[in-house]
Amino acid sequence: MSGGLLTGLLMAKMKNTYTDAQKEAIQCIDENLQIIACAGSGKTAVVSERTIHVLEKKPDIHPKNIVSFTFTEKAAAELKDRILSLSRERLGNIHGMSEMYVGTIHGFCKKILDDYVPEYQKFTVLDAIQTKIFVDRHYDEIGMTKVTKNKDGSVMQPYVDTDRFIQIMNMLRESEVDETLIPVHLKKALSMYQATFEKHRFLDFTMLMEKAIVEIEQNPELKEKLSQRIRYLTVDEYQDVNGIQERLVHLLYEMGANICVVGDDDQLLYSWRGSEIQNILTFEDRYDHLRTIYLVDNFRSTEGIVELAYKVISNNQNRKEKKMIPKGRLRYEEGDILYREFEYEQEEYEFIAKRIQQLHELGVPYREMSVLMRVKKLGKNIIDVLNQHDIPFVVEGVNELFTTPEIEAACKTFYYLNRFNQKRPGKAENVTKEQLRTSWLSIGYPIDPFDLDRAIAYLEENKAEHFVFYHEFILQRIYQGFLDKLELKEPEGKKVERLESIYYNLGKFSQVIHDFEVINYRTKPENKLKNFCSFLQYTAGGYYPEGHLQNPHVNRNGVRVMTIHQAKGLQFMATFVPGLCRNIFPQRKKGGLSAWHFLPDALGKALERYRHSEEEDERRLFYVAVTRAKKFLYLTRAPYEEISKGQNTIRSKFLDESCRSDYIFGDDPKIPTDYASRGKMSGFEEAMVPITLTFSHLKDYYGCAYRFKLTFLYGFIQPIEPTMGYGKSLHDMVAEINKRGRENEPLSHVHIQEIIERHFHLPYANELMKENMMTGANRSIEEYVSVNQKEFEHIEYVEQDVEYDLGDGVRVNGRMDLVKRKDLNGRIRKSIVDYKTEKRVDSEEITQEQLTFYAIGYQELTGEQADFLERYNLDTNTPERVRVRPEILEKTKSVIRQAAKEIRTNKLEKACDVLKCKSCYLNYLCLTNQQKVDFDVNNEQKKMIKRVVKRNKKKTG
């Protein structure tokens with residue numbers, strides 16, 4: 001299709017679809033651009049269309065030259081899906097879309113370090129929960145005891161002050177604070193914090209950004225490469241970027257990227273994380289050649305919602321003056337927006353439940369309704385009432401995993417095991433065998449008492465005192481072994497909803513164990529068990545949501561009960577906002593000990609924006625809540641027993657401001673509020689959930705759809721093995737060698753040794769094992785270079801991202817290890833190489849059919865078809881090569897579509913057979929005892945534990 005025709009089609013579509021302001025934003029590709037996008041203004045459509053417009057109008061710009069930052073991975077998936085859909089429609093078969101980065105700033109920084117700075121490939125990024133566990137584990141070494149309270153000089157305590165310590169470390173690193181304001185003891189703590197993370201090869205999220213920025217700033221070669229690559233940068237939710245993120249954005253701007261920021265100062269939510277509203281308010285002062293465009297047309301909400309929202313937000317002084325204009329198809333009717341004040345909180349909850357039922361009878365699907373809370377404590381009572389009325393619901397942003405009966409039983413399993421621990425502190429939970437039995441028999445699903453007794457006997461065989469070495473006592477292995485003995489298995493060919501819910505939560509508990517064990521692996525058995533039980537008892541409770549809430553692939557038809565922060569970017573036909581009392585919303589300043597009690601006054605003032613208790617911040621949060629509603633909005637309050645008791649009798653200022661609107665009504669007998677006279681609402685289409693599959697997903701799905709469910713949906717994690725990390729180490733070594741070989745850089749023996757030393761990382765192995773595996777790595781890598789030296793000149797790609805978009809919101813992405821392009825007497829042969837090593841933890845063999853995805857990705861990337869797929873064994877330095885056949889490509893696409901369909905419909909059922917199940921590394925979570933006998937499955941885990949226990953009993957006499 002010609003460029004002129006493309007432009008004509010684009011202009012015709014824009015004329016019919018977009019407002020003048022949206023068209024201006026889409027076509028503004030030669031200046032830096034600030035888009036002030038009000039709620040419901042179609043910003044995602046504009047950003048997607050602008051991206052396509054750049055590719056259509058700028059022949060020298062390719063997908064790899066465009067980067068888009070989003071606030072969440074979910075938003076990234078939705079934006080990338082929209083861009084790919086428009087690309088197919090506007091540009092036809094454009095290649096290389098996999099090289100366009102659309103994701104979070106953290107993900108971008110990780111990619112920069114992985115792709116360009118080999119030293120960081122052995123580092124693991126810890127999430128917020130793992131960071132807290134790590135700080136508690138190393139509290140003295142990490143600098144926590146260097147931080148003292150202003151009033152009396154007392155030092156911070158582990159567990160008690162962990163959150164405050166991490167908050168201070170983050171504030172000092174993420175803000176541009178005058179260093180003269182930071183006292184010596186805090187500088188020392190900060191230095192110790194960073195050194196301890198690096199010593200253990202860990203990074204937290206802030207450190208990840210710091211390292212990437214420093215590498216770009218101080219490495220001229222890297223800066224030049226990125227300046228040539230990144231030509232267009234879009235930053236979504238710009239109002240919520242913090243100081244260090246703005247530093248990265250400005251750095252890329254200084255390197256020549258065209259900058260487009262999209263945000264709304266009225267929707268800033270994260271000042272308590274350091275988001276700086278001045279970034280968006282003063283953007284014009286810091287960026288040249290700038291155009292600012294306001295998108296004020298609201299296509300989501302009725303005029304009543306829009307006008308009420310303005311009545312509230314216009315009371316803020318620190319904002320850009322603008323006013324939304326309702327342009328949506330929905331019509332406001334009297335009675336759509338109501339406020340109610342109740343004498344008792346139970347009346348409020350009943351009103352919400354009955355109104356939900358009325359709306360559902362009117363035709364509104366449950367998934368189109370939400371209850372948005374300022375404080376999580378409201379959630380429990382609301383959920384109880386929804387249950388009483390048999391209203392389906394989905395809870396988000398409320399971490400209630402540890403209140404479920406199956407997780408209470410799982411915790412008691414370890415408390416019981418800890419009962420035999422000589423190092424158990426006196427205040428630890430003391431669970432008897434009978435209490436443990438009662439707990440498991442009360443999970444809401446029948447368990448055979450005989451199987452339960454066998455499982456408890458298994459625990460008693462695995463007392464911590466029976467183990468000497470840390471690598472022998474693995475909490476994950478004990479947990480999954482207990483579940484195996486419990487015979488709590490999903491039946492083949494039959495779905496049991498309650499058991500599925502239990503499995504989701506038990507899988508989430510596997511993540512809890514992993515978070516703890518990855519940090520505390522090198523701890524003596526008795527201490528590890530003692531500390532884990534303390535973690536469960538005192539710390540973990542508020543960290544984890546229920547397991548089924550983590551499944552991003554399924555649209556759940558239930559009322560969404562969530563915090564307002566969780567609702568950002570969402571929209572609903574009906575929204576309820578309860579708790580509108582003074583001291584609840586706006587939330588009062590929290591009393592008690594805080595990070596500010598450990599900061600000097602001058603430093604505290606410099607970090608003032610981290611205090612999230614300002615009235616304007618709270619009003620923005622309320623504004624976000626009400627603008628989630630398309631048509632129906634209900635604002636309610638009552639005096640509450642457990643939330644700010646005695647201080648919640650006065651209604652919220654925001655409710656007062658809302659009631660100044662002409663569109664909201666209280667108890668007015670002239671306003672029909674039962675909707676009985678209204679016609680049935682219709683036209684609700686269920687959005688297709690975008691699904692992004694990785695090669696790892698496909699590998700498990702190919703092997704067994706149910707194993708995919710166990711790992712990627714339920715979340716069960718393999719027990720840590722000492723050899724973990726060896727395969728990755730070799731892979732990273734070979735990747736750097738290939739890159740150097742492609743660039744014709746020297747690869748002497750000294751260089752090879754440096755590469756091996758740089759990447760060799762076995763975080764769980766003992767010294768003897770490390771020594772032996774280092775010898776093997778040296779042998780394999782030296783031989784690899786010797787055998788393949790002459791092949792380096794034929795390398796086309798190393799560690800190349802690929803992606804294939806199948807439409808209907810289904811994408812697959814992965815990374816090719818190596819692509820070689822050889823000229824054989826005028827005949828070009830293209831080979832995709834995937835490396836493997838026999839010393840892998842799971843024994844699953846990847847078939848050539850599975851590798852065919854890489855051939856599909858290569859075709860999307862280049863427009864050419866690969867000729868061969870090659871598995872290269874790094875242990876023996878031998879390749880296995882097969883030819884790529886077109887019929888296999890089509891078969892693979894069909895399998896991927898089927899996988900997406902089964903994931904969306906949750907039809908990932910067991911299909912047990914002896915060949916698959918004997919070699920499956922998760923068969924003990926799946927097979928019944930009878931199936932193990934039928935399939936002759938050896939439980940190597942059980943044998944290993946028995947050998948260790950027997951040996952250690954002999955040693956202790």
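The structure is a predicted model, in which local features need pLDDT of at least 70 and side-chain atom pairs count only at pLDDT 80 or more, while totals for chains, interfaces and linings use all residues. Residues are numbered from 1 along each chain as its sequence is written, and side-chain values use heavy atoms, with hydrogens and water left out.

**Nonpolar cores**

- The largest nonpolar core holds 175 residues, and I168, W440 and F509 touch the most other members. Such a core is a set of buried Ala, Val, Leu, Ile, Met, Phe, Trp, Tyr and Cys residues joined through side-chain atoms within 4.5 Å.
- Helix α21 (residues 497–520) gives the most to this core, contributing eleven residues. Helices (H or I, at least four residues) and strands (E, at least two) are DSSP runs, numbered from the N terminus.
- Leaving aside residues up to four places away in sequence, I168 touches V147, M156, L186, A595, F598 and L599. Contact here means heavy atoms within 4.5 Å.
- A second, separate core has 73 residues, among them L269, Y270, A309 and Y349.

**Helices α17 and α18**

- Helix α17 (residues 405–418) packs with helix α18 (residues 433–440) at an angle of about 160°, and their axes are 9 Å apart. Axes are lines fitted to C-alpha atoms, for helices over the stretch in contact, and angles run from 0 to 180 degrees between N-to-C directions.
- The angle makes α17 roughly antiparallel to α18. Angles under 35 degrees count as roughly parallel, over 145 as roughly antiparallel, 65 to 115 as roughly perpendicular and the rest as oblique.
- The crossing of α17 past α18 is left-handed, a term for a near helix turned anticlockwise from the far one by less than a right angle, with clockwise being right-handed.
- On the α17 side, E406, E408, A409, A410, K412, T413 and Y416 meet K433, L436, S439 and W440 of α18.
- This contact of α17 with α18 comprises five nonpolar, two polar and four charged residues. Ala, Val, Leu, Ile, Met, Phe, Trp, Tyr, Cys and Pro count as nonpolar, Asp, Glu, Lys and Arg as charged, and the others, Gly among them, as polar.

**Helix α6 and its surroundings**

- Helix α6 (residues 128–137) and helix α7 (residues 162–174) have axes that come within 10 Å and cross at roughly 105°. The two helices α6 and α7 are therefore roughly perpendicular to each other.
- In their contact, T131, K132, V135 and D136 of α6 meet T162, D163, F165 and I166 of α7. The contact of α6 with α7 divides into three nonpolar, two polar and three charged residues.
- Because eight of its ten residues are buried, α6 is largely enclosed by the rest of the structure. Buried means under 20% relative accessible area, exposed over 50% and partly exposed in between (1.4 Å probe, protein chains only).
- The buried residues of α6 are I129, Q130, T131, K132, I133, F134, V135 and D136. Their cover includes β4 (124–125), α7, α8 (184–199), β5 (202–203), α21 and α22 (525–539).

**Backbone features in loops**

- The peptide bond from F585 to P586 is cis, with omega near 10°. P586 lies in the loop between β15 (572–577) and α24 (601–606).
- N583 lies in the loop between β15 and α24 and has a positive phi, near 80°, in a residue other than glycine. At 21% relative accessibility, N583 counts as partly exposed.
- N744, in the loop between α29 (726–742) and α30 (749–759), has a phi near 60°, a positive value in a residue other than glycine. At 71% relative accessibility, N744 counts as exposed.
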